[in-house]
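Take a look at the model below.

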Amino acid sequence: MFAAIEVEGVVDIHATDVTGVYATLCGLDGDDPTAGQKTVKLPKNPRITCETCLAIIRHAKEYKVR
Ligand SMILES: [Zn+2]
């Protein structure tokens, strides 16, 4: 449901990916030292703080799936 990823020292909470290709909905690998990314422990009661993940979720809500 949630993934806490540190990128260059800043931790954001993301939604998890649905395809299994990435760690996050917004396409971070989550564990890529060459990109300065690492997965860290989730806080209690996590809330998504990643603006890109939030934008994707808001966008997806505009569609009705039958
Ligand atoms: Zn994200």
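Predicted model: local features only at pLDDT ≥ 70, side-chain atom pairs only at ≥ 80, totals over all residues.

Asn45 is exposed, with 6 other C-beta atoms within 10 Å. Asn45 sits in the loop between strand 3 and helix 1 (51-60). Its phi is positive, about 50 degrees, although Asn45 is not a glycine.

Glu8 has a positive phi of about 50 degrees too, and Glu8 is not a glycine either. Glu8 lies in the loop between strand 1 and strand 2. Glu8 is exposed, with 7 other C-beta atoms within 10 Å.

Now the hairpin. Strand 1 and strand 2 form it, with two residues between them. Glu8 is in that turn. Val7 stands opposite Val10 in strand 2.

On the other pairing, Ala4 stands opposite Val40 in strand 3. The table lists both pairings.

| Strands | Direction | Bridges |
|---|---|---|
| Strand 1 (residues 2-7) and strand 2 (residues 10-15) | antiparallel | six bridges |
| Strand 1 and strand 3 | antiparallel | four bridges |

Together, the three strands make an open sheet with the order 2-1-3 and antiparallel pairing. Which strands stand at the edges? Strand 2 and strand 3 (37-40) do. Each has a single partner strand, so one side of each is left without a neighbour in the sheet. Neighbouring strands of this sheet are turned by 35 degrees against each other on average, direction ignored.

Strands of a sheet pair through backbone hydrogen bonds, either parallel or antiparallel.

Technical notes
Residues numbered from 1 in each chain as written. Pairing = 2+ DSSP bridges. Axes fitted to C-alpha atoms, helices over the stretch in contact; angles between N-to-C directions. Buried ≥ 20, exposed ≤ 12 C-beta atoms within 10 Å, placed from the backbone.
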